[in-house]
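Please load the model in a viewer and keep the selection panel at hand.

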Amino acid sequence: MAAYEVAAGGQAGLIGAEPSNVAFAGSATHAYSKALSAIPFERGDVILTTRNDFISNQIAFLSLRDRFGVEVVHAPDHPDGTGVDVEAMAALMRSRRPRLVAVTHVPTNSGLVQPVAEIGRHCREQGLIYLVDACQSVGQYPIDVEEIGCDLLTATCRKFLRGPRGSGFLYVSGRLLREGYEPLFIDMYGARWTEPGRYRPVETAARFEEWEFPYATLLGSAAAARYAMDVGLEPVSRRTPALAATLRDRLAGVGGVRLLDRGPAPAALVTFAIEGWRPQPFKQAMDARRINSALSHREFALFDFGDKDVEWCLRLSPHYYNTEEEVELVASAVAELAAR
Ligand SMILES: Cc1ncc(COP(=O)(O)O)c(C=O)c1O
């Protein structure tokens with residue numbers, strides 16, 4: 001079996017898909033732009049998305065707006081802070097008939113979990129094309145593309161999946177493949193050149209891949225997918241957000257710390273603002289204590305950080321292999337730094 005089939009088998013298993021519906025990509029962003037390029041947008045078409053979609057996706061939508069005259073519509077958030085208002089989004093689907101509905105499952109800027117399956121039911125009912133960015137959820141939760149009801153799903157391998165950098169993948173539904181959706185730039189791997197003036201895309205999601213592959217990262221990410229499935233996504237999805245919840249509980253008691261994650265059951269992305277610190281020195285102080293963290297700045301999430309009135313926040317993402325003692329240690333370190 002060829003290397004890419006091995007990889008697709010691994011990634012496909014993670015999301016309840018067939019290998020023939022999965023294309024490997026050099027990053028989630030690469031997979032996402034390939035997916036967007038398959039939609040033949042015309043002037044006046046609507047992309048319906050949320051206020052919490054990933055920064056690079058939002059920039060891509062604006063680029064499509066500027067080049068093709070597409071309109072970008074953001075569904076409002078629910079007033080109770082649980083993420084996008086699904087009923088309002090469904091009403092927009094009915095009134096605006098979007099060419100594409102695009103939702104990020106867990107945004108990078110907080111632990112919010114968007115109700116992607118509920119949104120998917122509305123998309124199916126209304127026959128709309130539905131693209132889900134599952135970068136922060138693959139490897140953290142069991143994902144099932146049938147249950148979500150999406151036509152396209154993108155993910156990275158370098159986050160909760162614990163794979164190598166420079167790897168991602170794209171799921172494409174059988175419906176879209178049968179209907180002939182293909183990336184704007186398709187190469188000799190994704191298509192056969194049948195006559196001088198004609199080509200025919202291959203039947204499978206391989207039409208979204210290219211002749212040349214980064215074989216090392218492909219094999220590494222396939223190994224990561226198999227490893228995650230051996231560990232079991234069910235136990236991972238119980239332990240990982242639970243560790244994050246413990247960390248949130250501990251940080252909630254620290255003066256000067258403001259927790260920013262919303263929703264009834266946030267994912268294992270713990271985000272908070274801290275008084276009296278600038279971003280870089282705070283991150284460096286965490287680094288010096290050998291604690292891995294990431295900074296998010298206002299420009300990463302203009303809507304969300306605007307609503308929360310924060311300029312930056314720190315993100316801590318515990319995973320199943322972290323221990324309760326480590327969570328305690330991290331909370332104590334933040335408390336010590338907050339007290340300075
Ligand atoms: C929600 C989300 N989508 C997409 C990406 C981009 O992934 P990649 O770096 O593999 O392109 C990220 C990375 O932070 C992310 O958090």
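The stops below begin at the ligand and then turn to individual residues.

This is a predicted model, in which local features need pLDDT of at least 70 and side-chain atom pairs count only at pLDDT 80 or more, while totals for chains, interfaces and linings use all residues. Residues are numbered from 1 along each chain as its sequence is written, and side-chain values use heavy atoms, with hydrogens and water left out.

**The ligand and its shell**

The shell holds 13 residues, of which Thr29, Asp133, Gln136, Thr156 and Arg158 come nearest. By class, the shell divides into 4 nonpolar, 6 polar and 3 charged residues. In this scheme Ala, Val, Leu, Ile, Met, Phe, Trp, Tyr, Cys and Pro count as nonpolar, Asp, Glu, Lys and Arg as charged, and the others, Gly among them, as polar.

A polar side-chain atom of Asp133 is 2.7 Å from a nitrogen atom of the ligand. Gln136 places a polar side-chain atom 3.0 Å from an oxygen atom of the ligand. For Lys159, an N or O atom of the side chain is 3.1 Å from an oxygen atom of the ligand. Taken alone, the ligand exposes 400 Å², and the protein buries 89% of that; such areas come from the Shrake-Rupley method with a 1.4 Å probe, and for residues only the protein chains shown count as cover.

**Buried residues**

Where is Asp151 placed? Asp151 is in the loop between α6 (145–148) and β6 (152–156); helices (H or I, at least four residues) and strands (E, at least two) are DSSP runs, numbered from the N terminus. Asp151 has a relative accessible area of 6% and is therefore buried, a label that means under 20%, with exposed over 50% and partly exposed in between (1.4 Å probe, protein chains only). A polar atom of the Asp151 side chain lies 2.9 Å from the backbone nitrogen of Tyr130.

Move to Gly120, in helix α5 (residues 116–126). Gly120 is buried, with a relative accessible area of 1%. Val103 is 17 residues from Gly120 along the chain, and their C-alpha atoms are separated by 9.7 Å.

Then select Pro107, in the loop between β4 and α5. Its relative accessibility is 0%, so Pro107 counts as buried. Pro107 and Asp53 are 54 residues apart in sequence, yet 6.2 Å apart in space, C-alpha to C-alpha.

Leu48, in strand β2 (residues 46–50), is buried at 1% relative accessible area.

**Two positive phi values**

Finish with the backbone of two arginines. Most residues other than glycine have a negative phi. Arg97, in the loop between α4 (86–96) and β4 (100–104), has a phi near 45°, a positive value. With 46% relative accessibility, Arg97 counts as partly exposed. Arg162, in the loop between β6 and β7 (168–172), has a positive phi near 65°. Arg162 counts as partly exposed at 40% relative accessibility.

Technical notes. Near = heavy atom within 4 Å. Polar contact = N/O pair within 3.5 Å; in protein donor to acceptor, adjacent residues only side chain to side chain.
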